[in-house]
Amino acid sequence: MAQHRREGRWARRSQLRGITTLRRVRNCGTSLDPEGGITLAVTTNADGSRSAGYSGLASCGSVWACPQCAAKIATRRADELSKVMRAVDEAGGSAFLLTLPMRMPAGTGSD
């Protein structure tokens, strides 16, 4: 299932390259150095587990435009939030997340 989602993100990023005007997004996932190529990197995490990924690829870092970078950023943010919530719980506290609507000023195009 995860592989299927990952392949879908790769396909959407590939389609996006042909239509986007954003240079960073257009180059995302391409080789940084055509001479140096792309390598597979294996990293040992702090907990002893291992992760694999590619190195030598450009990354746009766009959470709004790029399906591949958005997924990576969302995962990282979820991990950070999980650590904070766990620390608050271990300290005997309580934490809640709340989303409230905000009215935009007139003339901002969001009316």
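This is a predicted model: local features need pLDDT of at least 70, side-chain atom pairs count only at pLDDT 80 or more; totals for chains, interfaces and linings use all residues.
Residues are numbered from 1 along each chain as its sequence is written, and side-chain values use heavy atoms, with hydrogens and water left out.

The protein chain has 3 helices and 2 strands; helices (H or I, at least four residues) and strands (E, at least two) are DSSP runs numbered from the N terminus. Along the sequence their order is α-α-β-β-α. The radius of gyration is 19 Å, well over the 13 Å that the globule rule gives for 111 residues, so the chain is more spread out than a compact globule. That radius is taken over C-alpha atoms, and the rule is 2.2 Å times the number of residues to the power 0.38. Along the principal axes, the C-alpha atoms fill a box of roughly 50 × 50 × 25 Å. Of the 111 residues, 14% count as buried, where buried means under 20% relative accessible area, exposed over 50%, and partly exposed in between (1.4 Å probe, protein chains only).

The two strands form a hairpin. Strand β1 (residues 39-44) pairs with strand β2 (residues 50-55) in the antiparallel sense over 6 bridges; pairing requires at least two bridges found by DSSP. Between the strands lie 5 residues, and Gly-48 in the turn has a positive phi of about 95°. Across the pair, Leu-40 stands opposite Tyr-54 and Thr-43 opposite Ser-51. Strand β2 is hardly covered, with 0 buried residues among its 6.

Leu-40 and Tyr-54 also belong to a nonpolar surface patch with Trp-10, Ile-38 and Val-42, and the accessible area of the patch is about 540 Å² together. Patch residues have over 30% relative accessible area and no salt bridge; like charges are joined within 9 Å and nonpolar side chains (Val, Leu, Ile, Met, Phe, Trp, Tyr) within 5 Å. A salt bridge is a side-chain nitrogen of Lys or Arg within 4 Å of a carboxyl oxygen of Asp or Glu. Areas come from the Shrake-Rupley method with a 1.4 Å probe, and for residues only the protein chains shown count as cover.

Val-42, in strand β1, counts as partly exposed because its relative accessibility is 49%. Val-25, in helix α2 (residues 23-27), counts as buried because its value is 3%. Leaving out residues up to four places away in sequence, Val-25 touches Leu-16, Arg-17, Thr-20, Cys-60, Ser-62 and Ala-65; contact means heavy atoms within 4.5 Å.
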